[in-house]
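These are my notebook entries on a structure I looked up. I record each item in the order in which I examined it.

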Amino acid sequence: MLKYDLHCHSTASDGTLSPSLLVEHACRQGVDVLALTDHDVTCGVAEAQAAATGTDVRVVAGVEVSATWNHQLLHIVGLGVNPAAPALINGLEGQRVFRVWRGEEIGRRLEKRGIAGAYAGAAALAGGPAVSRTHFARYLVAQGHARDMAKAFDSYLKRGKPGYVPGQWAGLEDAVAWIRAAGGQAVVAHPARYTLSATRLRQLLSEFKALGGAAVEVISGSQPHGATPALIAYARQFDLRASVGSDYHGPGQGPNELGRMPVLPAGCVPVWEDWAAPAR
Ligand code: AMP
Ligand code: MN
Ligand code: MN
Ligand code: MN
């Protein structure tokens with residue numbers, strides 16, 4: 001049986017391993033099929049695919065699109081996207097424009113709290129086009145403003161805190177449309193992390209399916225594995241396929257290890273059901 005890990009991050013967004021080192025790590029972890037799903041960018045995919053040439057790992061081109069749905073921030077993973085598709089390129093460009101403005105705004109708000117230079121510091125840690133709250137958190141920890149990443153989010157960056165700046169992400173319909181226009185499958189990432197009521201989650205999955213969404217992550221390193229049975233039941237109810245991803249961000253970045261997840265239980269259709277078998 002092949003081992004799939006269809007959600008992880010590189011230095012192209014807020015991971016700490018370069019795409020090449022991530023693929024090397026996937027080899028060590030015995031991952032057969034790896035999707036690189038950086039936040040709102042696909043610029044790490046080519047390096048990852050090049051690094052996978054001649055190895056046993058197959059790299060699927062992916063992305064994790066930040067989206068809003070009824071004032072709720074959601075993450076929609078795209079799998080098997082063509083990074084050269086104009087609709088996806090244009091859509092992600094808008095996301096990056098917002099990310100830059102938001103980063104500067106987070107910097108201004110932290111400055112009012114007596115923390116100077118946070119945007120420059122976060123951008124230097126990012127090194128790529130997608131400055132993320134994760135980079136702000138790393139900067140805040142490095143500067144001694146927070147004990148650890150969790151505390152940095154709790155004190156400064158999560159919703160309701162000074163460094164939380166809402167707005168301007170893609171709508172759910174945009175995120176799904178860009179992914180589909182690029183030939184990909186849209187997947188609701190870590191649905192149990194949003195703390196939606198059962199009614200709202202059903203509403204989300206019903207709308208997502210109607211928009212042409214393909215799957216939900218029923219197993220994710222970003223949500224308790226106890227959530228899986230209910231998510232499998234929802235996947236069946238809304239005729240969605242099932243995906244599996246660690247949401248790995250690098251060594252020591254949270255508890256999730258690449259490729260180390262429970263196998264997909266019976267009773268759901270894997271998102272990879274119709275994929276061509278990896279070439280050997
Ligand atoms: P952004 O897309 O810039 O808003 O950043 C979101 C990212 O921050 C997520 O993908 C996670 O990697 C990270 N993140 C969110 N909440 C937390 C938290 N409480 N602790 C650590 N990392 C978090
Ligand atoms: Mn992240
Ligand atoms: Mn996410
Ligand atoms: Mn992620």
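I count a residue as buried under 20% relative accessible area, as exposed over 50%, and as partly exposed in between, with a 1.4 Å probe and protein chains only. Helices (H or I, at least four residues) and strands (E, at least two) are DSSP runs that I number from the N terminus.

**Entry 1: basis.** This is a predicted model, in which local features need pLDDT of at least 70 and side-chain atom pairs count only at pLDDT 80 or more, while totals for chains, interfaces and linings use all residues. Residues are numbered from 1 along each chain as its sequence is written, chains are lettered from A and ligands numbered from 1 in the order in which they are written, and side-chain values use heavy atoms, with hydrogens and water left out.

**Entry 2: strand E2.** I looked at both faces of E2 and found them covered: Val33 and Ala35 on one side are buried, as are Leu34 and Leu36 on the other. In a regular strand, side chains alternate between the two faces of the sheet. Val33 belongs to E2, which spans residues 33–36, and its relative accessible area of 0% is why I list Val33 as buried. I then looked up the pairing of E2, taking two strands as paired if DSSP finds at least two bridges between them. E1 and E2 run parallel and are joined by two bridges; opposite Leu34 in E2 stands Asp5.

**Entry 3: strand E7.** How many residues of strand E7 are buried? I found six of its six residues buried, over residues 215–220. Strand E6 (residues 185–188) runs parallel to E7, with two bridges between them. Val188 has Val216 as its bridge partner in E7.

**Entry 4: the manganese ion (ligand 4).** I counted as donors N, O and S atoms within 2.8 Å of the metal (3.2 Å for Na, K and Ca); water is not among the atoms, so sites may look incomplete. His7 sits in the loop between strand E1 (4–5) and helix H1 (19–28), and Asp247 in the segment after strand E8 (241–245); the pair links distant parts of the chain, 240 residues apart.

**Entry 5: the manganese ion (ligand 2).** The manganese ion (ligand 2) is 4.6 Å from the manganese ion (ligand 4). Which residues are the protein donors of the manganese ion (ligand 2)? I noted Asp14 (OD), His39 (NE2) and His249 (NE2), lying 2.1 to 2.2 Å from the ion. Asp14 is in the loop between E1 and H1 and His249 in the segment after E8, so this pair ties together parts 235 residues apart in sequence. Asp14 and His249 are both buried. The distance from the manganese ion (ligand 2) to the manganese ion (ligand 3) is 5.6 Å.

**Entry 6: cysteines.** I took a disulfide to be a pair of cysteine sulfur atoms within 2.5 Å. My search of the whole structure found zero disulfides. For Cys8, the nearest cysteine sulfur is that of Cys27, 12 Å away. Cys8 is buried, at 0% relative accessibility, and Cys268 is buried at 15%.

**Entry 7: positive phi.** Most residues other than glycine have a negative phi. I found a phi near 70 degrees at His71, in the loop between strand E3 (58–69) and strand E4 (72–79). His71 has a relative accessible area of 73% and is therefore exposed. Gln168 has a positive phi of about 60 degrees and lies in the loop between helix H6 (149–157) and strand E5 (170–171). At 62% relative accessibility, Gln168 also counts as exposed.

**Entry 8: the protein as a whole.** I recorded nine helices and eight strands. Of the 280 residues, 54% count as buried. The C-alpha trace spans about 55 × 45 × 40 Å along its principal axes.
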